[in-house]
Amino acid sequence: MALEGLKAGIFGALSRLKGKRKLDEAEMKELSKSIRRALLEADFNVRQSKEITARLEERMVEEEPQPGVTLQTHAMNIIYTELVRLLGPPKEIRPHNQTILMVGLYGQGKTTTTAKLAEWWRRRHGIKVAVIEADVQRPGAYAQLQQLLADSPVEVYGEPENSNAEEIVRNGLAKVGNADVVIVDTARDRLDDELQAELERIHKVANATERFLVIDAQVGQAAGPVAAGFHELVGVSGVIVSKLDGTARGGGALSAVATTGAPIVFIGEGEKVSDLEKFESDRFISRLLGMGDIRGLIDIAPGALDQEEAMRLTERMMSGRFTLNDMYKQMEMMAKIGTIDKIVSHLPTSFFGGLGTMDRKQKEEMQGNLERYRVIMDSMTEDEKNEPQILKADRIRRIARGSGVKEKNVRELLAQWNRSRKMMKGIKGNRKLRRQMKGMMGDMDDMDMPM
């Protein structure tokens with residue numbers, strides 16, 4: 001999850017509210033100072049940080065927590081609404097009949113983001129998508145785009161021997177312009193006179209319905225002037241912030257772009273072509289503050305996921321029954337959705353024993369364990385997976401040899417299964433948590449999509 005430092009800073013600041021019913025003036029100032037420090041370290045600018053903490057102080061004084069809501073939760077809710085307000089509402093995007101012009105400075109990840117966007121549109125809407133590679137300044141741009149989309153039905157058009165970008169776009173539109181969505185990747189513009197003129201000509205030929213600017217999150221607060229410059233040139237209709245997972249300056253890029261009036265439409269976290277998500281500030285901030293984003297988890301689940309099996313497994317978990325077979329199926333589904341880090345970032349922090357509080361190292365260790373556990377279970381019989389209690393020393397020895405691991409690794413798997421089984425029994429006896437999970441399942445039913 002991006003901006004882990006901001007999350008840790010806010011959680012640390014709010015921890016001092018635990019068990020309190022009111023704050024005196026000195027305590028309020030100290031809380032405000034801690035939140036402002038966390039925002040500044042995430043690269044929000046001084047004005048925005050002061051504005052958010054001033055609103056926090058004002059609302060903490062004027063607004064009483066609702067019955068049953070702790071002061072800590074009340075403060076978290078205020079920070080949530082203020083951050084969502086700062087980043088702005090989501091941009092609505094038509095799923096069909098789109099020509100999208102991709103622009104950006106050198107080294108921002110524009111070609112990779114172009115491939116990600118094409119695959120997102122195809123996967124999300126099940127439509128025909130084509131890409132035109134018009135970057136004639138960088139050798140290998142066309143080959144890179146072809147490689148990125150090698151396993152996708154997205155059509156890639158390019159003329160690697162042609163140095164006339166305007167001509168490539170015109171020819172490309174004649175060839176693949178009948179696709180539902182056509183995305184045009186342009187040169188990594190330095191905004192000098194020659195490339196500005198080329199971009200303006202391409203813009204005129206493409207007659208794009210959307211003009212998306214790609215900005216690397218590491219640019220930080222400098223993203224604002226960059227967005228303004230490109231907006232003046234082509235009328236930027238949306239911004240894609242790339243590489244948001246690899247920098248602590250993401251807050252600066254997100255907030256700087258948002259204040260220019262150019263809405264953030266997508267964010268890129270990860271290197272895979274599937275690692276792109278539509279930006280919605282409420283859901284993004286909800287994940288950031290540990291409140292979860294079940295809809296987002298549903299959105300990243302691939303269409304290949306077995307919906308009925310997912311529902312059946314969830315019901316078994318809620319009933320308290322949990323075998324190694326169930327654990328295996330759970331791991332298969334998690335592997336299809338993504339990494340542990342991605343999945344956990346979409347769950348409320350309090351879920352499943354506080355998985356959301358794990359640091360990056362713990363998540364990486366858990367990811368490695370899950371992959372090893374699946375290999376171990378492949379060496380088990382169906383009876384052993386359905387009745388793990390029968391796994392004694394001689395069976396453990398055989399399974400270890402068959403899966404190429406040590407016996408202690410098999411015992412670790414059994415210990416993990418036993419912990420999970422006990423946790424599932426806890427879910428069965430926890431009415432509040434059962435209601436939460438049933439609510440999530442209801443959301444899935446409404447959207448006809450898997451968890």
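Visitor: Is Asp-216 buried or exposed?
Guide: Asp-216 is buried, at 6% relative accessible area (buried is under 20%, exposed over 50%, partly exposed in between, with a 1.4 Å probe and protein chains only). This is a predicted model, where local features need pLDDT of at least 70 and side-chain atom pairs count only at pLDDT 80 or more, while totals for chains, interfaces and linings use all residues. Residues are numbered from 1 along each chain as its sequence is written, and side-chain values use heavy atoms, leaving out hydrogens and water.

Visitor: Which residue forms a salt bridge with Asp-216?
Guide: Lys-243, with the closest N and O atoms 3.2 Å apart (a salt bridge is a side-chain nitrogen of Lys or Arg within 4 Å of a carboxyl oxygen of Asp or Glu). Asp-216 sits in strand 5 and Lys-243 in the loop between strand 6 and helix 10, so the pair ties together parts 27 residues apart in sequence (helices, H or I, at least four residues, and strands, E, at least two, are DSSP runs numbered from the N terminus).

Visitor: And how exposed is Lys-243?
Guide: Partly exposed, at 34%.

Visitor: Switching topic: how many salt bridges does the structure hold?
Guide: There are 22.

Visitor: What does Glu-57 pair with?
Guide: Glu-57 meets Lys-29 in a salt bridge, 3.1 Å from N to O. Glu-57 is in helix 3 and Lys-29 in helix 2, so this pair links parts 28 residues apart in sequence. Glu-57 is buried at 17%, whereas Lys-29 is partly exposed at 45%.
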